[in-house]
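Please describe the structure shown below for a reader who has not seen it before.

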Amino acid sequence: MDVIAWVGLIMSWVALVVLLKLVFLVLRVLKQIRRLAEMTRDAARRLADNLGDEEVFAEFELLVAELPAAVRALPRGAVAARPNVSSVSPGIAGRFP
């Protein structure tokens, strides 16, 4: 009868250790979830602060409206694609195909 009691006691301690290990694993995951939730909250606050300024969006809209005209004014063709600076590489020596 003593052997059965000791085996039961040892098994209960093993079960307790396993249970504690699982509790600590769950707590660690919950801590990481909380950290990610805080990061998400902070990012949402900063995003809301950035989106709240309508004047900045108006300035951005004016800037974007000028973009098509600026792109049309760019030179076209192979001559325009060549850079105006020589190469720093001694093998190329500023020559282009």
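## Burial and surface

Of the 97 residues in the chain, 0% are buried, where buried means under 20% relative accessible area, exposed over 50% and partly exposed in between (1.4 Å probe, protein chains only). The chain has an accessible surface of about 9,400 Å², and carbon and sulfur atoms account for 69% of that area; accessible areas come from the Shrake-Rupley method with a 1.4 Å probe.

This is a predicted model, in which local features need pLDDT of at least 70, side-chain atom pairs count only at pLDDT 80 or more, and totals for chains, interfaces and linings use all residues. Residues are numbered from 1 along each chain as its sequence is written, and side-chain values use heavy atoms, leaving out hydrogens and water.

## Helices

The chain contains 4 helices and 0 strands, in the order α-α-α-α. Helices (H or I, at least four residues) and strands (E, at least two) are DSSP runs, numbered from the N terminus.

Helix 2 covers residues 54-65, and at 1.5 Å a residue its 12 residues should span 16 Å; the expected span is 1.5 Å times one less than the number of residues. The end C-alpha atoms of helix 2 are 17 Å apart, which agrees. The number of buried residues in helix 2 is 0, so helix 2 lies largely in the open.

## Salt bridges

There are 2 salt bridges in the structure, each a side-chain nitrogen of Lys or Arg within 4 Å of a carboxyl oxygen of Asp or Glu. One joins glutamate 38 to arginine 34 (3.3 Å, N to O). These residues are 4 apart in helix 1 (residues 2-51), about one helical turn. Glutamate 38 is partly exposed at 30%, whereas arginine 34 is exposed at 58%.

Aspartate 42 and arginine 41 also form a salt bridge, with their closest N and O atoms 3.4 Å apart. Aspartate 42 is partly exposed at 27% relative accessibility, and arginine 41 is partly exposed at 40%.
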